[in-house]
Amino acid sequence: MTTGDKAGEYILGTVLGVGTVGTVFRAVHQKSGEAVAIKVLLPQVQKDEDIKARFYREIEILERLSHPNIVEFKGTGRDGDNIYYLMELVEGGTLKDILKKKIRLEWQDAIEVGWQVCSALQHLHNNGVIHRDLKPANLFISDDGKVKLGDFGIALDVAASGLTDAGLTVGTYMYMSPEQIRGEGTIGPETDLYAFGCLLHEMLTGRPPFEGENFARIFDQHLTATAPPVTIYYPSIPDELGDIVEKLLAKSPEDRPFNARAVQGMLAEVLIEWDERQSDSDLKIKKRKTPDIWAVEPNRKPILADLVRQSREPEYTGVTWKRVAIAGGVTVALLVLGVLASRKPGTGEDRPTTAEAAPADTE
């Protein structure tokens with residue numbers, strides 16, 4: 001299927017992404033005008049029964065998930081041999097887009113993103129799902145600043161024992177846990193927490209915890225090396241937040257936090273303790289009786305929405321009002337100097353200009 005084709009009552013538009021098994025299109029309902037994202041299984045893999053089974057498993061996983069921080073599933077369909085499913089369209093871009101523009105986030109903003117990611121992870125884990133591919137490109141940001149976890153292509157359904165990928169190394173190597181790299185068959189929620197530690201490190205410092213020339217060097221560091229503390233790069237980051245990153249990146253799953261909800265509480269405590277030390281700060285944290293441990297006052301609510309808008313703005317190198325003003329000021333200054341230079345010293349009389357001093361043209 002390509003742009004312009006129909007998938008049920010939807011018309012396919014621009015391609016949003018292409019993976020190893022499917023293509024994601026922006027699509028619009030012919031009658032209602034509703035915009036959605038549609039993932040279509042690639043034609044070249046449709047005859048592979050194992051890949052088809054995994055595609056259906058992805059659909060089954062999304063069907064049982066319902067959370068504000070997870071991309072919403074909207075149904076599935078078939079058009080001839082083409083299998084597809086519909087998802088909520090999140091048009092604000094991804095966290096990867098934001099980091100590409102800003103390099104890193106302020107630590108308060110990183111906590112705001114992290115809080116929402118942990119909420120999504122806890123819902124996954126409560127439903128027996130391990131994402132296994134948590135990274136900036138799979139975190140979509142809505143225009144109002146809500147973080148939504150997507151792309152469940154290699155998610156592990158703990159209940160589907162026949163499709164657990166035991167003994168296989170799957171994921172994105174910059175964010176893979178040691179047990180994931182070793183292809184262990186006991187992958188659990190702690191794997192996603194390790195990836196979240198990598199993500200948090202990157203949001204805070206502008207770089208993942210481990211870097212190298214190739215995946216082998218990075219794998220070796222995930223297995224044996226200690227990540228540099230985030231406070232080395234930016235001492236303004238609270239030590240307590242650095243400690244959370246360190247715990248998340250523990251080599252052994254047993255040494256990581258108990259679950260994503262526990263990490264949420266730890267992140268909240270960092271903000272609460274910081275607010276108590278900065279009573280005159282613009283950021284005011286208050287406890288609520290809602291499921292959320294903390295909330296941000298309205299003057300910080302649009303932070304993520306602002307980051308989305310900033311990530312969309314091109315870096316403009318042409319004429320700006322500031323440059324026009326500077327150029328205008330320089331022009332005026334040169335005119336004034338020219339007038340002063342044309343006057344005779346001590347008389348205030350104007351000197352003849354070059355044009356006035358020159359003889360008239362003659363035939």
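Reader: Which residue of β4 stands opposite Ala27?
Author: That's Val36. A quick heads-up: this is a predicted model, where local features need pLDDT of at least 70, side-chain atom pairs count only at pLDDT 80 or more, and totals for chains, interfaces and linings use all residues. Residues are numbered from 1 along each chain as its sequence is written, and side-chain values use heavy atoms, with hydrogens and water left out.

Reader: How do you know that β3 and β4 pair?
Author: Strands (DSSP runs of E, at least two residues, numbered from the N terminus) pair if DSSP finds at least two bridges between them. Strand β3 (residues 22-29) and β4 have 7 bridges, so they pair, in the antiparallel sense. They also form a hairpin with 5 residues between them, and Gly33 in the turn has a positive phi of about 80 degrees.

Reader: What joins β4 to β6?
Author: 5 bridges, with the two strands running antiparallel. Here Ile38 stands opposite Leu86 in β6.

Reader: Why is β4 called largely enclosed?
Author: Because 6 of the 7 residues of β4 (residues 35-41) are buried, the rest of the structure largely encloses this strand.

Reader: Glu88 lies in strand β6 (residues 82-88). Is Glu88 buried or exposed?
Author: Buried means under 20% relative accessible area, exposed over 50%, partly exposed in between (1.4 Å probe, protein chains only). Glu88 has 18%, so it counts as buried.

Reader: What makes the link between the side chains of Glu88 and Lys148 a polar contact?
Author: The cut-off is a pair of N or O atoms within 3.5 Å, where one must be able to donate a hydrogen and the other to accept it; residues adjacent in sequence count only if both atoms are side-chain atoms. Theirs is 3.3 Å, so it qualifies.

Definitions and conventions
Helices (H or I, at least four residues) and strands (E, at least two) are DSSP runs, numbered from the N terminus.
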